[in-house]
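This report describes selected features of one protein model. The sequence and coordinates are shown first, and the discussion follows.

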Amino acid sequence: MLVIKNYIFSYFNSISYEIWIGAIIGAIISALFMLFFSFLKGIIFKIKEQLPVRKVVGDFANDEQICSIFLKNLYSHNYEYLSNEPNFFPPYTKNTQREWQNIPFVIANSDFQAATDFTNILGQIGKRKNIIFRSIENEWDLWSENILSIGGNYKTEKIFELSNNKYVEITENNSFKFNDHSELFFSKDNNDFGLIYKATNPATQKKCFVIMGIGVEGTKAASYYFRTNLSQIGKMFGKNDFALLVKIKIGQGRENSKLAWYLPNISLSSKLCHPLIWKRIFSIIK
């Protein structure tokens, strides 16, 4: 053991100062290169993941273009609302309510969640300004901007009308009817349906999104599915318009939403470029 120790010691002593310096510099350069390569790999991966998302949202991601969000305002005739209080001292505080006055309007929780999901998408891809909440009553004829309409309302109905119900329509009995499917999708058997609809305004070429449901659970499920599966949607449809129907079992939470139908049909090139996504999500529908 002593012989080996002496041999190693003499070996390192025989290495010149210049070689030691070169080895240290080489190690530092290698470490910096690996760090840079790891950083570059992360950037490339992020760009690769964001590219299909940007294809779907298009100019919505452009900071210089306005994204207009339309939600309906709900109101009571006397401008009064009730809220439930916490049951912090049962049974005396059970079913306690508080009255609130002089509230001009409120927004449905499902619509608010959908707006939050969509603005989160825009934030993830770098949009930081020109996101404006519009009034349906006062700005009903605004079509010069990219538009998101949430829930059933006048603006949503006009988007379907302007796009000539390209892939789907809302029937008089409050159901969704796809152009290639005879079945009407409506709330039944404790199921609700949500719709994600992307259309192009033929007059302005601006993009319009609709996120809505037959009921509130459908709206929440549609916005959640859109946010969490947007990359896969982009890889299948790219920049094209589309309609996606989402199914949710009421009471199970929007995290359990599943794709139920879609148009247009997936192109052959998308199937070949992304066979796993096609096989896992879309091919089992039709």
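How many bridges join strand 6 to strand 7, and in which sense do the two strands run?

The model is predicted. Strand 6 is joined to strand 7 (residues 176-178) by 3 bridges, and the two run antiparallel. Within this pairing, Glu169 has Lys177 in strand 7 as its bridge partner.

Both strands belong to an open sheet of 3 strands, whose order is 6-7-8 and whose pairing is antiparallel. Strand 6 (168-170) and strand 8 (184-185) form the edges, each of them pairing on one side only.

Strand 9 (residues 191-200) has 10 of its 10 residues buried, so the strand is largely enclosed by the rest of the structure. Asn191, Phe193, Leu195, Tyr197 and Ala199 point one way from the strand, while Asp192, Gly194, Ile196, Lys198 and Thr200 point the other way. Burial applies to both sets, including the charged residues Asp192 and Lys198.

Strand 9 has antiparallel pairings with strand 11 (residues 242-249), over 8 bridges, and with strand 10 (residues 207-213), over 7 bridges. Gly194 stands opposite Val246 in strand 11, and Lys198 has Phe209 in strand 10 as its bridge partner. The hairpin of strand 9 and strand 10 has 6 residues between the strands, and in this hairpin Gln205 takes a positive phi near 65°.

## Packing of helix 5 against helix 6

Helix 5 (residues 216-228) packs against helix 6 (residues 230-237) at an angle of about 75°, and their axes are 5 Å apart. Because angles of 65 to 115 degrees count as roughly perpendicular, helix 5 is described as roughly perpendicular to helix 6.

On the helix 5 side, the contact involves Tyr225, Phe226, Arg227 and Thr228; these meet Leu230, Gln232 and Ile233 in helix 6. By class, the residues of this contact comprise 4 nonpolar, 2 polar and 1 charged.

In soluble globular proteins, nonpolar side chains tend to be buried together. In this model, the largest nonpolar core has 64 residues, and Phe226 and Phe282 have the most contacts inside it. Strand 11 supplies the largest share of this core, with 6 residues. Phe226 also takes part in the contact of helix 5 with helix 6.

Which residues does Phe282 contact, leaving aside its neighbours within four places in sequence? Phe282 is in contact with Met236, Phe237, Leu259, Tyr262, Ile266 and Ile277.

Conventions: Residues numbered from 1 in each chain as written. Predicted model: local features only at pLDDT ≥ 70, side-chain atom pairs only at ≥ 80, totals over all residues. Heavy atoms only, no water. Axes fitted to C-alpha atoms, helices over the stretch in contact; angles between N-to-C directions. Helix = DSSP H or I, 4+ residues; strand = E, 2+ residues; numbered from the N terminus. Parallel < 35°, antiparallel > 145°, perpendicular 65-115°, else oblique. Contact = heavy atoms within 4.5 Å. Buried < 20%, exposed > 50% of the residue type's maximum accessible area, 1.4 Å probe, protein only. Pairing = 2+ DSSP bridges. Core = buried A, V, L, I, M, F, W, Y, C linked by side-chain atoms within 4.5 Å.
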